[in-house]
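The following exercises concern the structure shown below. Each task is followed by a solution in steps.

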Amino acid sequence: MKKEQYIPRIIDPRIEEYLSAFGAVCIEGPKWCGKTWTSSYHSKSEIYIGDSAGNFQNRQLAELSPALVLEGESPRLIDEWQEVPSLWDAVRYQVDRNPQKGLFLLTGSATPNHKGILHSGAGRIARLRMRPMSLYESGVSSGRISLQKLCCGELTPCMTGEIDLKNLIEWIIRGGWPGSMSLSFEQASLLPGEYLNAVIEDDVYRIDGIKRDTRKMRLLLRSLARSESTTASNKTLMRDIRAMDEEELDSATVSSYLDIFKRLFLTDNQPPFSTGIRSSVRIRQAEKRHFSDPSLACALLKATPAGLLGDLETLGFLFEALCERDLRIYAESFGAGLYHYQDYKNREIDAVIELPDGQWCAFEIKLGANQIDSAADNLLKIKKQMEAEEGNPPAVLCVLCGLSNAAYQRADGVLVVPITALGP
């Protein structure tokens, strides 16, 4: 690649840090999110296992002699290593023999079965998760407001500019795929649907060689799209399929397909938060459903700008997914994690950022500026109740919104930040 054409990614400093600490680094994530481009930028030699040249010569060579394809200047990129799982042990063996750090960069768009892999690679091969581009990386967000500083309670009030709802909808439908940055909206909106077709028709089989019912997989994916940004259970998904598509999927099939979607990085669920809340309140342990990018849900729902303008409830869920995708990318850049909060007293917080020191910050996500007051009231109410229960309340309260034109702190202490001004 021409390194001068490289578009910087938020994960870049973490890759450099991991290469300095481990013998090998494996970058995982959905197809087309930029793993190969980014890994190539950080490598000095490379081999592409999925290259079709010479009747897939590289793959054949890797199968015959894994050690041979590892020869090259370090860091050496091994792209789509999961095509030949034995490469994992070959890399681990080379790392064991050589005390040097940063020998290999592996990329993978699927998590293969452990068959053929003898060693976990613990302590030798570090894993990093890469995601589609955030609004900041794609140039939509100014990044004037740092999430890291925000989580420390630091916010300099500023005007951030008016946001057109139609533009916001287009960013959701387009998604964060690097390959569509230079395309028109009409062209870019075709990519998520073709992405899903490629995964369902090809990658699902390639992951373990088992043929599955692609029609049923599409039914489940559509149900997941209808449940985007909710904590819908497997049983709820089954009922939804029965009601909306007049089909039946048994629980074992649903669980099996959900596992495949996870291994292919199609889904990227938001775990529940409970650490540090030491009250008697029981915490619900359901994950919040997400695709790796909200554009995939849009493609499955056949969402259009006109359609979403006429269905603000669905738009609200998709906007929440967009914000939580970006929050996770920004949070991981400084060692924090993204969660959601939900308990049996019907108290909910859309997004929780847990900092490395154990402190946490609560975020409500709202599309319109007219919803800021109710969102702030909810956060303040939950914080007060947690304090009364001798729990561990959030250190920072923030409303993340779509159509606000300013970042500021309210008189009650709640911060308000537009998603188009947020960055790492």
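**Exercise 1: Helix H12**

At the start of H12, the backbone nitrogen of Ala252 has a side-chain oxygen of Asp250 within 3.1 Å. The model is predicted: local features need pLDDT of at least 70, side-chain atom pairs count only at pLDDT 80 or more, and totals for chains, interfaces and linings use all residues. Residues are numbered from 1 along each chain as its sequence is written, and side-chain values use heavy atoms, with hydrogens and water left out.

Task: Determine what the 13 residues of helix H12 should span.

Solution. Helices are DSSP runs of H or I with at least four residues, numbered from the N terminus. The expected span is 1.5 Å times one less than the number of residues. For H12 (residues 251-263) this gives 18 Å, which agrees with its end C-alpha atoms, 18 Å apart. After H12 comes Phe265, with a positive phi near 60°.

**Exercise 2: Helices H13 and H15**

Task: State how the axes of H13 and H15 cross, and which residues meet.

Solution. Step one: the axes, lines fitted to C-alpha atoms over the stretch in contact, form angles that run from 0 to 180 degrees between N-to-C directions. Helix H13 (residues 294-301) and helix H15 (residues 312-332) have axes that come within 9 Å and cross at roughly 155°.

Step two: angles over 145 degrees count as roughly antiparallel, and H13 and H15 are therefore roughly antiparallel to each other.

Step three: with contact meaning heavy atoms within 4.5 Å, Pro294, Ala297, Cys298 and Leu301 of H13 meet Thr314, Leu318, Ala321, Leu322 and Arg325 of H15.

Terms used
Helices (H or I, at least four residues) and strands (E, at least two) are DSSP runs, numbered from the N terminus. A polar contact is a pair of N or O atoms within 3.5 Å; within protein, one must be able to donate a hydrogen and the other to accept it, and residues adjacent in sequence count only if both atoms are side-chain atoms. Angles under 35 degrees count as roughly parallel, over 145 as roughly antiparallel, 65 to 115 as roughly perpendicular and the rest as oblique.
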